[in-house]
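Subject: Structure handover and findings

Dear colleague,

Please find below the structure that I am handing over to you. A summary of the findings follows it.

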Amino acid sequence: MDRIRIRGGRRLKGAIPISGAKNAALPLMVASLLTSGTLRLGNLPHLADISTLATLLAELGVDISMDGDAPGGGHFGRVLALTARKIASTTAPYDLVRRMRASVLVLGPLVAREGVARVSLPGGCAIGNRPVDLHLKGLEQLGAAIDVQAGYIEARAPKAGLRGGHIVFPMVSVGATENLLMAASLARGVSVLSNAAREPEVMDLARCLIAMGAQIDGVGTDTLTVQGSETLSGATHNVIPDRIETGTYAMAAAMTGGDVELVGAEESHIESLIEKLREARVRVTPTARGLRIAHGRGRLKGIDVMTEPYPGFPTDLQAQMMAMMSVAGGAAMITESIFENRFMHVPELGRMGANINVHGASAMVRGVPSLTGAEVMATDLRASVSLVLAGLVAEGETIVNRVYHLDRGYERLEEKLAACGADIERIKG
Ligand code: EPZ
């Protein structure tokens with residue numbers, strides 16, 4: 001297994017190109033199941049999760065081709081053409097779903113288009129149990145019959161197909177909103193999704209569905225109204241920039257006392273982060289190409305953060321914020337309100353000298369003068385990258401193991417950081 005070696009102490013200076021958003025690209029690729037036309041997606045990141053989903057979609061009958069390279073060539077910012085002329089299978093098998101839980105998003109589109117779907121339960125993951133009950137309840141409200149047995153979800157639409165319904169989410173769920181938005185787009189009649197997720201990735205999916213002919217009102221609000229269509233057509237759509245990658249590198253620049261331009265960053269998608277960065281004395285300046293992040297006057301200030309559904313502070317930036325607060329001046333209370341077990345980076349940061357005490361859903365971080373490099377292990381995607389950030393400022397050498405977690409969500413991470421002066425390299429293992 002590959003590992004990443006970092007020697008800390010370098011200030012990051014220069015520019016980092018922001019890739020397309022993983023969490024927008026995944027549902028967008030699944031949307032190709034809703035039409036026999038061709039969906040062309042541009043600015044796709046080159047990530048393991050994208051390849052895993054492409055394998056699943058191909059098994060379901062989607063013809064996928066690289067539809068030319070990104071502007072300026074190169075493997076990155078890929079353009080994929082996806083065509084589900086016919087659905088060849090309505091089963092999403094366990095060995096693929098277990099590798100990437102977002103595979104459960106094929107459930108809604110398959111039931112909507114084919115009237116039937118058999119999808120493995122994704123099971124839990126490191127950060128929590130992560131059930132899919134809201135996905136299933138929502139489909140039942142669109143008329144589907146749901147049966148769960150032997151680890152598989154069996155969903156069946158009525159003969160006449162799914163019908164519009166009013167779905168009220170008891171809690172905000174990004175995936176359930178996306179699954180049901182896609183299903184409702186082909187249901188007969190009007191559906192209303194109340195307490196829907198408002199993440200930019202959900203908005204990006206809605207905009208793509210509209211380009212495919214779907215009739216959706218309320219995009220960007222917590223109430224989505226969908227007038228179902230008989231069929232949808234192909235479309236061309238560029239994936240939004242990755243706000244989590246943006247936030248990750250913003251904190252890397254701030255922690256190292258650097259000065260970095262995040263090229264392609266979309267300021268409006270990370271307002272909650274920008275507010276917190278400025279509170280911590282980080283200078284954030286919009287530029288013609290994106291955002292410039294520079295170390296402010298004096299030491300970073302410890303601040304309190306609570307994760308919330310969008311537009312609140314993203315749970316996917318919680319681990320990175322904790323790494324930054326580990327070397328800030330003062331204390332920081334970090335509360336994780338979305339997932340029940342998303343503090344696994346704490347013991348690893350502790351091994352690097354961070355002073356963090358967890359009390360239930362909150363962690364009290366007391367900034368220390370410096371961290372010390374160590375051999376550490378990643379447990380999930382965002383915990384992994386928080387260890388990389390810590391390694392960038394730690395004295396000495398840090399080795400991050402299980403780098404496959406990183407490859408799921410960060411395109412060319414070590415290249416992008418090394419280009420800004422970080423002493424970081426991948427050790428093939
Ligand atoms: C999406 O996961 C993201 N993944 C996650 O990013 C992100 O952390 C999460 O949204 C929250 O923003 C993708 O978009 C592929 P949820 P999702 O449904 O859709 C509970 C990353 O690092 N819940 O909004 O699975 C759930 O357990 C990943 O890129 C139910 O109880 O998240 C959680 O506590 C990690 N029942 C909360 O809701 C359900 O049916 C929010 O989950 C569904 C969710």
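Two strands are taken as paired if DSSP finds at least two bridges between them. The model is a predicted one, and on that definition of pairing the following sheets were found in it.

**Sheet with S18, S19, S20 and S21**

Four strands make up an open sheet, arranged in the order S18-S19-S21-S20, with mixed pairing. Strand S18 (305-306) and strand S20 (355-359) are the edge strands, each pairing on one side only. S20 and strand S21 (residues 362-366) run antiparallel and are joined by five bridges. Within S21, Ala363 is the bridge partner of Val358. Helix H10 (residues 318-325) lies across S18, strand S19 (331-335), S20 and S21, and its direction is at about 170° to S19.

**Sheet with S2, S15, S16 and S17**

A further open sheet has four strands in the order S2-S15-S17-S16, and its pairing is mixed. Strand S2 (13-17) and strand S16 (282-286) stand at the edges with a single partner strand each, so one side of each has no neighbour in the sheet. From one strand to the next, the twist averages 20°. S2 and strand S15 (residues 259-263) run parallel, with five bridges joining them. Ile16 stands opposite Leu262 in S15. Helix H9 (residues 271-279) lies across S16 and strand S17 (290-295), running at about 135° to S16.

**Ligand surroundings**

The ligand is surrounded by 22 residues, of which the closest are Asp133, Leu134, Ser173, Asp316 and Ile338. For Ser173, an N or O atom in the side chain is 2.7 Å from an oxygen atom of the ligand.

**Aromatic rings**

How many aromatic pairs does the structure hold? The count is zero.

Yours sincerely

Notes:
Residues are numbered from 1 along each chain as its sequence is written. This is a predicted model: local features need pLDDT of at least 70, side-chain atom pairs count only at pLDDT 80 or more; totals for chains, interfaces and linings use all residues. Side-chain values use heavy atoms; hydrogens and water are left out. Helices (H or I, at least four residues) and strands (E, at least two) are DSSP runs, numbered from the N terminus. Contact means heavy atoms within 4.5 Å. Axes are lines fitted to C-alpha atoms, for helices over the stretch in contact, and angles run from 0 to 180 degrees between N-to-C directions. Rings of Phe, Tyr and Trp (its six-membered ring) pair if their centres lie within 6.5 Å; planes under 30 degrees apart count as stacked, over 60 as edge-to-face and the rest as tilted. A residue is near a molecule or strand if one of its heavy atoms lies within 4 Å of it. A polar contact is a pair of N or O atoms within 3.5 Å; within protein, one must be able to donate a hydrogen and the other to accept it, and residues adjacent in sequence count only if both atoms are side-chain atoms.
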